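Please look over the sequence and the structure shown here before reading on. The briefing that follows moves from the whole chain to its parts, topic by topic.

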Amino acid sequence: MTITIDGTRTARAVRARVAAEVARLTAAGTVPGLATILVGDDPASAVYVAAQRRAVREAGMRDLHRHLPADTPQRQVAAVVDGFAADPAASGILLQLPLPPHLSAADLIDRIPVAKDVDGLTTGSAGLLARGARGLRPCTPIGIVKLLDAEGVAIRGAHVAVVGWGGLVGRPLAQLLLHRGATVTVAHEHTADLGAVTRPADVVVAATGVRGLIGPEHVKPGATVVDVGIHRTPEGLRGDARTDELGGVAGRITPVPGGVGPMTTAMLLANTLRAAERNPRPDAVPA
């Protein structure tokens with residue numbers, strides 16, 4: 001029997017704890033605030049940012065937002081990032097990706113102070129993760145780790161196959177798991193025999209952006225499958241794993257939707273709270 005991992009339930013618990021801590025900080029004179037920057041009118045990005053802003057307000061945090069036209073030049077976007085970097089009301093800064101093609105995402109991201117990098121994407125944050133030093137971690141990878149912990153899935157000593165080597169999920173997740181004592185194998189589009197990598201694994205993480213890539217031929221009986229992919233189809237949202245075919249094979253599996261996605265939002269809130277706790281500013285209290 002395959003157990004469906006309820007990411008929504010775990011995320012709800014995380015968000016409740018965050019809201020309680022936000023109330024405590026607010027009473028002490030510090031209101032955490034998240035600054036979101038959206039450039040252009042990409043529909044998926046607009047929906048994502050709107051959801052994050054709603055979650056921020058529900059947690060009792062200050063919602064700071066700038067929406068810029070798609071043709072905004074690099075220097076103007078940089079000025080907005082710098083403004084939030086200097087603003088004591090902004091505990092964290094989220095620059096929504098992808099950006100319009102004329103903008104350099106890497107340069108803009110690295111303008112975000114490490115202490116406010118709630119997405120964990122700056123070069124400084126990546127360096128702290130690589131060293132195992134304290135810092136803010138990318139939301140989806142740390143959300144996956146927290147979800148595995150909540151489900152009682154052993155990480156220390158486990159063999160984990162991470163399928164996908166992207167900078168948003170695959171690479172940082174591999175490092176997080178290594179720091180937790182897992183044996184990690186990373187596969188990608190150049191892997192010659194994907195099944196040979198994934199079949200021995202106790203946990204398989206699918207983060208490729210390829211719909212339905214992972215099926216029963218890739219998973220040993222009883223393994224945990226974490227599906228990071230999300231694809232809009234006429235039948236609804238689907239992931240990188242063929243969930244229906246994995247029933248009865250995988251021991252546990254995250255659904256799409258309702259698996260990893262809610263944890264990403266929950267960890268964004270948790271990171272914003274952590275950033276505020278490290279940099280308490282009484283003058284962040286709204287008028």
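A residue is called buried when its relative accessible area is under 20%, exposed when it is over 50%, and partly exposed in between, with a 1.4 Å probe and only protein chains considered. By that rule, buried residues make up 49% of the 287 residues in the chain. This is a predicted model, in which local features need pLDDT of at least 70 and side-chain atom pairs count only at pLDDT 80 or more, while totals for chains, interfaces and linings use all residues. Residues are numbered from 1 along each chain as its sequence is written, and side-chain values use heavy atoms, with hydrogens and water left out.

**The chain as a whole**

- The chain has 10 helices and 11 strands, where helices (H or I, at least four residues) and strands (E, at least two) are DSSP runs numbered from the N terminus.
- With a radius of gyration of 19 Å, close to the 19 Å that the globule rule gives for 287 residues, the chain is as compact as a globular protein of that length; the radius is taken over C-alpha atoms, and the rule is 2.2 Å times the number of residues to the power 0.38.
- The C-alpha trace spans about 55 × 40 × 40 Å along its principal axes.
- Of the contacts in the chain with a separation of 6 or more, 71% are between residues 24 or more positions apart, a contact being heavy atoms within 4.5 Å.

**The open sheet**

- Six strands, in the order E1-E11-E8-E7-E5-E6, form an open sheet with parallel pairing; two strands pair if DSSP finds at least two bridges between them.
- Strand E1 (3-4) and strand E6 (183-187) stand at the edges with a single partner strand each, so one side of each is left without a neighbour in the sheet.
- Strand E7 (residues 203-206) runs parallel to E8 and is joined to E8 by four bridges, with alanine 206 standing opposite aspartate 227 in E8.
- Threonine 224, which is in strand E8, counts as buried at 3% relative accessibility.
- Not counting residues up to four places away in sequence, threonine 224 touches Ile5, Leu148, Val153, Asp202, Val203, Val204 and Arg252.

**Annotated regions**

- The "binding site" annotation in the unreviewed UniProt entry covers Gly164, Trp165, Gly166 and Ile230; UniProt positions are given in the numbering used here, feature names are shortened, and annotations may be inferred rather than shown by experiment.
- Glycine 164 lies in the loop between strand E5 (159-163) and helix H7 (170-179), and is buried with a relative accessible area of 7%.
- Beyond its neighbours within four places in sequence, glycine 164 is in contact with Gly170, Val186, Ala187, Ala207 and Thr208.
- Isoleucine 230 is found in the loop between strand E8 (224-227) and strand E9 (231-233), and counts as exposed at 54% relative accessibility.
- Beyond its neighbours within four places in sequence, isoleucine 230 is in contact with Leu237, Arg238, Gly239 and Val256.

**Helix H7 and its surroundings**

- The buried residues of H7 are Gly170, Pro172, Leu173, Ala174, Leu176 and Leu177, and what covers them includes helix H5 (123-131), helix H6 (139-150), E5, E6 and E7.
- H7 is followed by glycine 181, whose phi is positive, near 90°.

**Leucine 68**

- Leucine 68 lies in strand E3 (residues 62-68) and is buried, with a relative accessible area of 8%.
- Leaving aside its neighbours within four places in sequence, leucine 68 is in contact with Ile37, Leu38, Val39, Gly40, Val77 and Val80.

**Cis peptide bonds**

- Most residues other than glycine have a negative phi, and most peptide bonds are trans.
- Leucine 97 and proline 98 are joined by a cis peptide bond with omega about 0°, and proline 98 has its place in the loop between strand E4 (92-95) and helix H4 (105-109).
- The peptide bond from valine 256 to proline 257 is cis, with omega near 0°, and proline 257 is placed in the loop between strand E11 (252-253) and helix H10 (260-278).
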